[in-house]
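Welcome, and please open your viewer. We will walk from one selection to the next and look at what is there.

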Amino acid sequence: MINSLKGIVQDITKDSIIIEVAGFGVEVFPTKSLLQSVELSKEIFCITYLKFSDAGPTMFGFSNDEERSFFMELIKVNSVGGKVAITLMQYLDVAQIVAAIQAGNVNALKAPGIGLKTADKICYDMKKVVANKFMNFTTTAVEDTKFGLEMTVTDALTGLGFTQADARRALAFCYAQSDDSTNWTEETLLKSALSVLQRAK
């Protein structure tokens, strides 16, 4: 099993990153926190999980062991495969997912490819797991504000005809290309996300 990767970031797409390792370009599907931390042409170290399916091998990337542990629990939920799990973890931080599960907030877990039925199953099946293993993940007031901003901009983008999946990936890309000093507002984040989406056409 490939437990981790260390290499140079060759490319950043809306939902994956390409890491050059020993001359090979490895496509990794990262969590939200990992995607927001990467920079083009810079070295990266990430925790990984390689999953094999009929479609072939898929590499998933995480910021730390705890994120990978959470991912491994998510894929135990019936009908939640690797791609669905990483989509949710690109849409929300682990702390936000944990908070939604604790509160029984099924609507907060609805994401691209995750309807109400699947979100409800995640909420139900993960409740005890979260209570036993992941109570260390908590949100701060700043994170809650950021989440509210993301939801507002996502709603605006879907209102303009973009899919929720494209909207969320565009936001993650915006964060990945900015630094910690960037003070996002609804207007600046919407404008930046629109620019990303228009270039992708």
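Start by selecting S79, which sits in the loop between α2 and α3. Keep in mind throughout that this is a predicted model. S79 is not a glycine, yet its phi is positive, near 80 degrees. Most residues other than glycine have a negative phi.

A second stop of this kind is A22. Look for A22 in the loop between β2 (17-21) and β3. A22 is not a glycine either, and its phi is positive at about 55 degrees. Is A22 buried or exposed? With a relative accessibility of 75%, A22 counts as exposed, because the cut-off for that word is over 50%.

**The barrel**

Now show the strands. In the order β1-β2-β3-β5-β4, 5 strands close into a barrel, and their pairing is mixed. From one strand to the next, the twist averages 55 degrees. Strands of a sheet pair through backbone hydrogen bonds, either parallel or antiparallel. For one pair, select residues 24-30, strand β3, together with residues 56-62, strand β5: they run in the parallel sense and are joined over 3 bridges. Within this pair, find V28 and look across to M59 in β5, which stands opposite.

**Helices on the strands**

Then turn to helix α2, residues 65-74, which lies across β4 (43-53) and β5. The angle between helix α2 and β4 is about 15 degrees.

**A glutamate in α2**

Stay on helix α2 and select E73, which has its place there. Is E73 buried or exposed? Its relative accessibility is 10%, so E73 counts as buried, the cut-off being under 20%. Leaving out residues up to four places away in sequence, E73 touches M126, V129, K133 and F134. With K133 there is also a polar contact of 2.7 Å between the two side chains.

**The cavities**

Rolling a probe the size of a water molecule over the atoms shows where empty space is left. Here the count comes to 2 cavities of 30 Å³ or more. The largest cavity holds about 80 Å³ of space.

Terms used. Residues are numbered from 1 along each chain as its sequence is written. This is a predicted model: local features need pLDDT of at least 70, side-chain atom pairs count only at pLDDT 80 or more; totals for chains, interfaces and linings use all residues. Side-chain values use heavy atoms; hydrogens and water are left out. Two strands pair if DSSP finds at least two bridges between them. Helices (H or I, at least four residues) and strands (E, at least two) are DSSP runs, numbered from the N terminus. Axes are lines fitted to C-alpha atoms, for helices over the stretch in contact, and angles run from 0 to 180 degrees between N-to-C directions. Contact means heavy atoms within 4.5 Å. Buried means under 20% relative accessible area, exposed over 50%, partly exposed in between (1.4 Å probe, protein chains only). A polar contact is a pair of N or O atoms within 3.5 Å; within protein, one must be able to donate a hydrogen and the other to accept it, and residues adjacent in sequence count only if both atoms are side-chain atoms. On a 1 Å grid over the protein atoms alone, a cavity is a set of points where a 1.4 Å probe fits but cannot get out, and a pocket is an open set with protein on both sides within 12 Å along at least five of seven lines; lining residues have an atom within 4 Å of a point. Grid points are joined across faces, edges and corners, and a volume is the space filled by probe spheres set on the points.
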